[in-house]
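Please read this briefing alongside the sequence and the structure.

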Amino acid sequence: MERLDLQLRVFVTVVEENSFTRAAEKLHISQPAISQHVQTLEQRLGVRLIDRGRRRLQVNPAGKIVYEHAREILALYRRMERLIADMQEVPAGQVHVGASLTYGEYVLPHVIARFRKAYPAVQPSVSIANTQTIAHGVATRDLDIGIVEGQDVVEDEVVLTPFAEDEMLVVASPSSPWCVEGPDRALLERATWFIREPGSGTREMTDRLFAQLGIQPRDLVEYTSSQVIKESVAAGLGLACLSRWVVARELTWGMLRALPIPCAPVKRTFSIVTPKSAFETKAAKLLYSFLMEHGSPENPSLTGA
């Protein structure tokens, strides 16, 4: 008899990818094998789960029920495997981490690389999302640990522990007039500003900067990518307020320059999100301790100093 856990994993992947082809690519299984697993699951349950049309597949009501329960079963199966692994002396298995965009893209990869060197049997799995999504994932145990901006979350079943501080910088092209003349409030207000979309933590910090400066710039260009913003500023098209972590390389290479601004620095705190109840695995405990000790980008091992 074929393994039920494999059939459930295939079915969940097909539903989430909304495609047999993409599910086959993700699981590294042939498409005919994917179809066979789904058909075998349908035969086992005695009900059709997916209505196969010419152009797209449609998950029917029975399929939606199976999908929701299959996700829970697979999560329990993964948890069982990790708890069994924890009975051994050597920490092993997966640890699921969620992180907000800035930390997740610019700092966490370096932290994970060092963590893997210290604990090669532990396999971190990283998801990037907004603060509330990450907090919810930790509360529901879809994630073992989260890393978010600030401490404002709506979940009651989690604990937030501050562990790193980030400073926002106003950056410009070194050849721009803002670097030559020096920025005053009037000049900053007339400038073109490249900003992130509403809901972004960087956008929130940019709005806070404007409030502290007492300015209301009218020429605002909105992007959903910090990388595009950096490129636009480096080309001399305007200014941006970005995390020191995000622009560290560009500052070192001389592509951007941080401007002195006539107000107090804008800073934000990053926090580790953990469940209120005890950790379930040694791997999660180890990663938490590692983040507390080595997770700040001010750590020389991350900055190369």
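The structure holds 8 aromatic pairs. Rings of Phe, Tyr and Trp (its six-membered ring) pair if their centres lie within 6.5 Å; planes under 30 degrees apart count as stacked, over 60 as edge-to-face and the rest as tilted. This is a predicted model, in which local features need pLDDT of at least 70 and side-chain atom pairs count only at pLDDT 80 or more, while totals for chains, interfaces and linings use all residues. Residues are numbered from 1 along each chain as its sequence is written, and side-chain values use heavy atoms, with hydrogens and water left out.

**Aromatic rings**

- Phe115 and Tyr119 form a tilted pair, with 5.2 Å from centre to centre and 45 degrees between the planes.
- Phe115 is buried at 0% relative accessible area, whereas Tyr119 is partly exposed at 27% (buried means under 20%, exposed over 50%, partly exposed in between, with a 1.4 Å probe and protein chains only).
- The ring centres of Trp193 and Phe210 are 5.0 Å apart and their planes stand at 80 degrees, so this pair is edge-to-face.
- Trp193 belongs to strand β7 (residues 193–196) and Phe210 to helix α10 (residues 201–213), so the pair ties together parts that are 17 residues apart in sequence.
- Helices (H or I, at least four residues) and strands (E, at least two) are DSSP runs, numbered from the N terminus.
- Trp193 is buried at 0% relative accessibility, and Phe210 is buried at 8%.
- Tyr103, Phe163, Trp245 and Phe270 are linked into a cluster by ring pairs.

**Helix α7**

- In helix α7 (residues 131–139), the buried residues are Thr131, Ile134, Ala135, Gly137 and Val138.
- These residues cover an arc of only 160 degrees around the axis, which puts them on the same side of α7; the arc is that of the directions from the helix axis to the C-beta atoms.
- The cover over the buried residues of α7 includes β3 (93–99), β5 (145–149), β6 (158–172) and β11 (266–275).
- Arg141 follows α7 and has a positive phi, near 70 degrees.

**Helices α2 and α3**

- The axes of helix α2 (residues 20–27) and helix α3 (residues 31–45) come within 9 Å and cross at roughly 105 degrees (axes are lines fitted to C-alpha atoms, for helices over the stretch in contact, and angles run from 0 to 180 degrees between N-to-C directions).
- That makes α2 roughly perpendicular to α3 (under 35 degrees counts as roughly parallel, over 145 as roughly antiparallel, 65 to 115 as roughly perpendicular and the rest as oblique).
- Contact (heavy atoms within 4.5 Å) is made by residues including Phe20 and Leu27 of α2 and Ile34 and Val38 of α3.
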